[in-house]
Amino acid sequence: MKKDMLPKLKICLLAFTCLLVSACSLDLLDNPNAVTTNNTDINYLLSRIELDYASHFDQMGNSGMRLTRMLNQGAAIYDNAVSPGGFDGAWTNAYANIMTDVKTLIPIAESSEFFVHAGIARTIQASVMLNLVDGFGDVPYSEALDINNFNPKTDGGAAIYTAALTILDQAIANFSATSRSAAAGDLYYAGNVDNWNKAANTLKLKALLNLRLTDKAKATSGISALITGGRLISSATENFQFKFGSNLTNPDTRHPRYAGQYSPTGGGDYQANHYMAALYASKGFPDPRIRYYFYRQTIVNPTDVNTLRCINNQKPSHYSATDVYCLPTSVGYWGRDHLSNEGIPPDGLLRTAWGVYPAGGLYDNDAGKAVSLGAGAGGAGIHPIMMRSFVDFMLAEAALTLGTAGSPRELLKSGIEKSMADVRSFGLATIESSKISAFEEAKAIVWAKDVETYLSTVLKAYDAAATDAARLNIIATEYWLALYGNGVEAYNLYRRTGMPLNMQPALEANPGGFARSYYYPASFITRNANAKQKADVTQPVFWDNNPATLFR
């Protein structure tokens, strides 16, 4: 009997040994949890790229909003406002996540004739490249994703811009090709190829406009071709935006600005006094968008110095008579002055919060109540990456400065109209809609009339402007006011034009030179033998040749 069992035992042992060898081989060579080209689901990979791109937009735009006085910058000097440690996450997300995943996706997509996927990935890739150059200047590109090179050198910003424009052309070609499948689960346009085509062309417009100071001929001819082609974002359904949800956990799908502020203790961002004042009083009446942009947790100004220290302080001597200081209005808008790094008093449930647009918060109906978890639209906001109004403002600037087709005045008017319409329609599409309607009825507010008054005021000032510089300042100011939530383009606009003029000065008299680019991330400098940190943040990116005196 034992002899009969011996062969069976040997077979079992052999099988068990093979299993062990197989398991060891798998453990050493193949991580079952790792994504490889053989087990990649192209739709999941594209979704991952798109989610990381939404984070990238927020990461790169955060400092831009603060430098352009949309939000408070919690540093006293510009050198600390864009410190190396603040961009490690953005850098890693751009290179290790987005660019690496795009490199993986494109050959899979094209070999399988999933050209829509390839076009979307290329559009995002090009946008990330442009944003990196706009933020940091010269960055790694040609050697960046070589797995055998741990010390990639930087490429010149101009060369990367040229490469990005080529990639956008490749994306546009992808969108024109016959694809085997739509992009299932596309988080931006639900697979609408025509909208993606327009987004790619509009990103070209943004890049070319940035070139107008250093390569006027290329900017002019390129923008003229885009105008002739008629493939730019122009309708509300074509707005390039990332939409958030209102889910709190598993996963948290809320807008990050909402998530950081709408809690039982409040807190989060300090809005910029200068920006709130511009919206409230610069026209002689409140901007119709102000109740959508901001939510006041109190509608009266503070009187307790322990809550807001600056109310007992004198305006800094280097501020002009027209510079706003401490309190931007008399009705409870509560933020901070530019480059204020004061400590945090117990004002988390008092400071002005993000409103319904774009963060998915509360509409301001003079309730003056504190924010709370789930209040308003629950965080179902958007990242306004490239809206139709932005296109008109850019075309207005190009028409005025480069002589491209179109009336700067009419494009300015159209940009304002589209911004107003998109902000309002967004708010009315949320749970805040009934609150908006009830408040307007109670206060006899007629939205269309308010917009008409606003347009009349802006266009009257434009018509009275004596110089192109004055007219450009009006265009830039209205673009800036429409850009709330988009620090990427606000920062580009300010460095490209030096406008809006008369920005609020820093709280300190000597904050150092304005940050015209960001410091390289600490992780890049410490891990790359070829990396060299900038001497300071006054170094401009390649397309910015404006004099330093233009900036405050």
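Biologist: What volume does the largest pocket have?
Modeller: The largest pocket has a volume of about 600 Å³. A pocket, on a 1 Å grid over the protein atoms alone, is an open set of points where a 1.4 Å probe fits, with protein on both sides within 12 Å along at least five of seven lines. The volume is the space filled by probe spheres set on the points, which are joined across faces, edges and corners.

Biologist: Which lining residues are the closest to its centre?
Modeller: They are Ala-278, Ser-282, Thr-477, Leu-501 and Asn-502, out of 24 lining residues; lining residues have an atom within 4 Å of a point.

Biologist: Which element gives the most to that lining?
Modeller: Helix 16 does, with six residues. Helices are DSSP runs (H or I, at least four residues) numbered from the N terminus.

Biologist: How far can I rely on the model?
Modeller: It is a predicted model, in which local features need pLDDT of at least 70 and side-chain atom pairs count only at pLDDT 80 or more, while totals for chains, interfaces and linings use all residues. Residues are numbered from 1 along each chain as its sequence is written, and side-chain values use heavy atoms, with hydrogens and water left out.

Biologist: What about the space in the second largest pocket?
Modeller: The second largest pocket holds about 510 Å³. Its lining has 18 residues, and Trp-91, Tyr-95, Ala-144, Phe-150 and Pro-152 are the closest to the centre.

Biologist: Which elements give two or more residues there?
Modeller: Helix 4 (88-111) and helix 18 (522-527) do, and helix 4 gives the most, with six residues.
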